[in-house]
Amino acid sequence: MKPIELPQEAALPNAAISVKNLGKCYQLYNQPHDRLKQFLWRGRRQYFREFWALRDVSFEVMPGEVLGIIGRNGSGKSTLLQLVCGTLTPTSGEVAVKGRVAALLELGAGFNPEFSGRENVFMSAAIMGLSSKEIEARYEDIVDFSGIRDFIDQPVKTYSSGMYVRLAFSVAINVDPDILVIDEALSVGDGEFARKSFDRIRDLKKAGKTILFCSHSLYQVEAFCDRVLWLDHGDIKLFGNPQETVQGYSISLLGGAKTESAAPSTTTPPAISAPEGYARLCHVEVSLDGEIGSVLRGRPDENDLSIRLQFESDPQLPAPTVGVTISYGTLMTVACVVSRSENVPIERDQHGRGEVTIDFPALPLRKGEYLVAAYLGNEDAVHIYDSVQIAATLQIEDPLPEPGLVNLVHHWHTSVGHSMALPPTSAPKDANWQLLKLFTGRPFWVDRADSLQLAKSGMFEPLETALLRELIKPGDKVLDIGANMGYYTVLFADWVGASGIVHAVEPDPDNFALLDANTRDFQQQGRVHLHTPALSESSGTAKLFHSKDNVGMHRLYDSICCDGSFREVVVCRGDDLALAPLDVIKIDIEGYEAFALRGLSETLTHSPNLKILCEFSPLSMMEAGVQPLQWLKWMESFGFIAIAHNGTSWSPVVHDDLKRELNCLDNLDFTGLTSTLKTRNNDAITDAAIKAAAACGYPRPILENLLLVRPQSLQALTDSGIVFNFKT
């Protein structure tokens with residue numbers, strides 16, 4: 001009996017599937033001749049015992065919903081699906097469906113082995129309800145998807161088992177169903193075909209099709225389904241949220257679900273061993289730079305990939321093998337790591353539970369979409385216990401046009417044999433460079449004018465340097481905006497260690513050459529990544545004006561400190577670099593900070609522990625077209641509060657006082673001041689600006705560094721003594 005197909009105006013306008021008090025009972029006979037006795041006695045005596053595969057099951061599935069069905073073998077899952085599909089007749093209750101049903105149950109069960117593949121396609125599609133014209137219209141898609149075109153006119157009895165199920169799956173998946181019923185059908189064919197099949201099912205989900213998804217892969221059920229139905233001995237044990245239902249079922253597999261409560265326990269599962277021979281993945285988590293997700297965006301060599309797997313297994317068996325693959329779509333496997341091949345011992349507790357994390361630092365993938373898969377196999381990796389075919393999708397963006405899937409570590413050499421990847425002490429020497437030493441003893445190239453004044457002590461901005469040394473920890477991710485020659489960049493690279501990373505932004509070509517020379521060894525180690533575009537609110541180009549008399553300094557606006565000459569430079573939004581979450585930003589682009597930080601608004605939002613050391617020059621901001629008070633309020637909207645150096649320590653700034661002080665600058669004749677100072681040198685401009693600001697009642701330095709932190713970070717800094725008690 002086929003399920004009832006309701007017309008559009010029927011009494012069930014919303015539910016795609018309605019199951020009411022459904023039951024299925026089988027008659028079990030101890031001996032074959034008992035069947036004859038039962039027939040002859042015509043019910044006056046009973047020679048059988050009843051087995052209820054399902055009893056009093058009721059639920060509804062709405063259009064576009066994905067319902068997962070889980071349970072042990074023999075719990076009634078397949079019976080329920082067959083009743084929905086109409087291949088079984090219910091003993092009690094009713095099931096009603098709305099629309100065309102396609103079932104992926106026993107693939108190819110209706111194929112005639114004497115018929116060719118072509119003939120079986122037409123026969124099976126017709127059974128599923130397609131007309132001849134519809135089958136002809138979809139025939140090519142069915143054959144293409146199956147991948148067995150060369151054998152389509154051969155008898156099915158000559159097919160391998162893999163070819164057989166591929167063709168059957170292709171027919172079922174291409175009938176454009178309203179309702180798709182899947183019973184453990186996602187492991188058909190080889191790895192490529194299985195992944196392609198799951199992609200097609202995901203497409204149906206996106207298209208709003210209703211799906212019943214029955215699987216022993218609990219990770220896929222939890223990740224794929226909107227609700228989950230747990231069957232136990234023909235009864236509904238739990239029905240609802242995927243996470244809660246799967247967790248309750250997982251506990252029962254370990255022998256711990258002994259309660260009658262409908263809600264599963266949120267505590268750690270009882271310490272009971274898994275069933276014999278049992279091993280499965282219970283959680284797979286993929287993250288890029290600490291951000292966990294199913295779709296992750298990154299850039300070549302800039303992001304750290306981490307894959308965390310939790311599993312359960314029979315403690316009496318040898319420890320399982322863990323494997324991870326990264327594939328370029330469905331075309332090829334780009335990388336594969338297997339614990340057995342790399343002699344990595346997999347540790348478990350006494351109950352067979354374990355956790356493994358695989359890290360891929362500075363992921364060298366080029367542009368494209370990559371799929372991360374996880375596997376759990378037996379000790380020799382021959383048998384696969386469980387797998388997650390698509391744990392996450394990596395979308396890698398690369399501005400470079402050159403082809404290729406990965407960036408291989410390499411070195412260039414010139415015709416005279418000079419390596420292009422040398423440490424600073426041997427970097428190609430420019431006529432306008434000189435080699436000095438930082439206070440750490442590290443050799444460091446600077447311009448001939450020694451713009452940072454490192455010749456005196458090897459230290460630039462001692463207060464800020466000391467503060468940053470306290471802020472930056474091993475493993476941190478740091479962004480250096482306006483990196484100049486790389487003074488802070490090389491310090492940061494030392495401080496973050498091998499597990500951290502520093503991104504340095506410098507658009508000026510002359511400065512960038514010094515920055516590149518000073519950080520080449522760190523670049524080789526993957527600790528430093530350089531970026532030539534300037535950061536702003538939007539992508540494009542901008543004019544980079546050069547300072548009058550200070551080599552190496554520049555502005556992204558035509559300041560009175562500049563001589564009018566400029567270069568065209570590329571500009572990008574900082575959020576496009578996909579750097580979140582960050583731990584520290586050092587920004588030194590006097591006056592232009594507001595534009596760069598606005599372009600990093602998403603990064604600020606997704607960096608909860610971020611600390612920003614930012615130049616604050618209200619007159620420079622005004623010259624760049626930004627009201628400093630409005631900028632301060634914008635930073636407050638992200639939860640940041642300001643900390644400044646009071647002469648002895650770094651202390652929080654009372655924002656109301658700072659706002660009141662900034663209001664004093666409303667009395668400044670800014671246009672007249674800039675017009676008067678346009679022709680003076682930078683020292684004279686600085687002196688005049690200080691006097692003009694003081695005359696208006698502005699009590700703060702006209703150029704200072706503010707540390708911007710959120711309250712939770714402020715408390716940690718206060719507890720550590722960096723704020724209030726930190727002495728420089």
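Colleague: Where is leucine 405 found in this predicted model?

Modeller: Leucine 405 lies in the loop that runs between strand S19 (384-396) and strand S20 (433-437), and the model is a predicted one.

Colleague: Why is leucine 405 called partly exposed?

Modeller: Its relative accessible area is 23%, and since buried means under 20% and exposed means over 50%, leucine 405 falls in between and is therefore called partly exposed.

Colleague: Which residues is leucine 405 in contact with, leaving aside its neighbours within four places in sequence?

Modeller: Contact requires heavy atoms within 4.5 Å, and on that basis leucine 405 is in contact with Tyr328, Met332, Val334, Pro364, Leu365, Arg366 and Tyr370. Lysine 367 stands 38 residues from leucine 405 in sequence, while their C-alpha atoms are 7.0 Å apart in space.

Colleague: What makes strand S8 largely enclosed by the rest of the structure?

Modeller: Of the 5 residues in S8 (residues 210-214), 5 are buried, so the strand is largely enclosed. Thr210, Leu212 and Cys214 point one way, Ile211 and Phe213 point the other way, and all are buried.

Colleague: How do you know that S4 and S7 pair with S8?

Modeller: Pairing needs at least two bridges; strand S4 (residues 66-70) has 4 bridges to S8 and strand S7 (residues 179-183) has 5, so both pair with S8, and both run parallel to it. Valine 66 has isoleucine 211 as its bridge partner, and isoleucine 179 stands opposite threonine 210.

Colleague: Why is helix H2 described as largely enclosed?

Modeller: In H2 (residues 77-85), 7 of the 9 residues are buried, so the helix is largely enclosed by the rest of the structure; among them are Lys77, Leu80 and Val84.

Technical notes:
Residues are numbered from 1 along each chain as its sequence is written. This is a predicted model: local features need pLDDT of at least 70, side-chain atom pairs count only at pLDDT 80 or more; totals for chains, interfaces and linings use all residues. Side-chain values use heavy atoms; hydrogens and water are left out. Buried means under 20% relative accessible area, exposed over 50%, partly exposed in between (1.4 Å probe, protein chains only). Helices (H or I, at least four residues) and strands (E, at least two) are DSSP runs, numbered from the N terminus.
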